[in-house]
Amino acid sequence: METIDINNRDYGEISHTAKTLLYMKALVGIPYAREAAELMEKPGTYVADYSNKDLSFWLRTVHFEARYQSIGQLLEGTNIPNILELSSGFSFRGLETTRDANVHYIDTDLPGVISQKAKMTEDITGDGLQLKGKLEILPLNALDEAAFDEAVARFEAGPIAIVNEGLLMYLDLEEKEQLCAIIHKTLKQRGGYWITADVYIKNPPAASAMHFEDELQAFLDAQRVEEKKFDSFEAAEAFFRKCGFVVDKEAEIDYGALTAMPYLLKCIPETQLADIGKSGKIHATWRLKIAEPNR
């Protein structure tokens, strides 16, 4: 496979949505999102607006709350001591995890986001928050194999869990393949899992009403996200198998238990809710492992 020249694309564009997602997550009790939103607004004041009746906002908030929880669900019970998060944005899963468990967590994103996030983390933990584990916050382009290897080398011996949400849908096929090759090499050497919340399939015609006309949608359209999604879950599974992975487990989310769901139900007509239900599943979070060699 030809190696992608990572210097030929401005991957900083991918970080565009990080702040938008933070404000959504701040409304639903995701750990440290509210504190981060308050820091982001300084010297102004962050105000949590639960009176928002915008349907697209609450549909997305439900999705992103579920997506965040799905990774935690698939990490649970793995007992892996080393966790590498790619393209983490303003998600503070690393801080939450090391607060509660004796693990080594390396939290990464592109330099512009991660430098701001590191400062936020210092401010959040400045009151004497004690961590059971070890947290590192480092800049990393996940397609930079040398830098990826350097990050992995910081871990102690033992298997690794590599996690990501909000990355693959921005990558072309060749870029996806390159990322898979890097992760496959790492897991083959160290053992462990890849947990990706980025198994998105193209919207079926019945979901055309879900295409919103707003700033976030304009950004997603400019990034050609829809065409970069998988054609189907079967196609996604075939892609990962071609790259040397098999699906170990899929996350199962109780949407009725999500904090954002009551707010969504207040602003969506029953007919439109039924239409959304008919459109079918278009997202999954998978825990992948190295495929057993054919005998």
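Reply: Let's start with Lys185, which is partly exposed, its relative accessible area being 25%. Keep in mind as we go that this is a predicted model.

So who does Lys185 pair up with? Its salt-bridge partner is Glu145, and the closest N and O atoms of the two are 2.8 Å apart. Lys185 sits in helix H7 (residues 173-190), while Glu145 belongs to helix H6 (residues 145-152), so this pair ties together parts that are 40 residues apart in sequence. Glu145 is partly exposed too, at 35% relative accessibility.

There's also a network to look at: Lys25, Arg67, Glu85, Arg93 and Glu165 are joined into one by salt bridges that share partners. Zoom in on two of its members, Glu85 and Arg93, whose side chains meet in a salt bridge of 2.9 Å, N to O. Are these two buried or exposed? Glu85 has 0% relative accessibility, so it counts as buried. Arg93 comes out at 2% relative accessible area, and because buried means under 20%, Arg93 is buried as well.

Now have a look at Asp100 and Arg99, another salt bridge, with the closest N and O atoms 2.9 Å apart. Here Asp100 is partly exposed at 44% relative accessibility, and Arg99 is partly exposed with a relative accessible area of 26%.

As for the overall tally, a search of the whole structure turns up 19 salt bridges, including the one between Lys185 and Glu145 that we began with.

How values were computed:
Residues numbered from 1 in each chain as written. Predicted model: local features only at pLDDT ≥ 70, side-chain atom pairs only at ≥ 80, totals over all residues. Heavy atoms only, no water. Salt bridge = Lys/Arg side-chain N within 4 Å of Asp/Glu carboxyl O. Buried < 20%, exposed > 50% of the residue type's maximum accessible area, 1.4 Å probe, protein only. Helix = DSSP H or I, 4+ residues; strand = E, 2+ residues; numbered from the N terminus.
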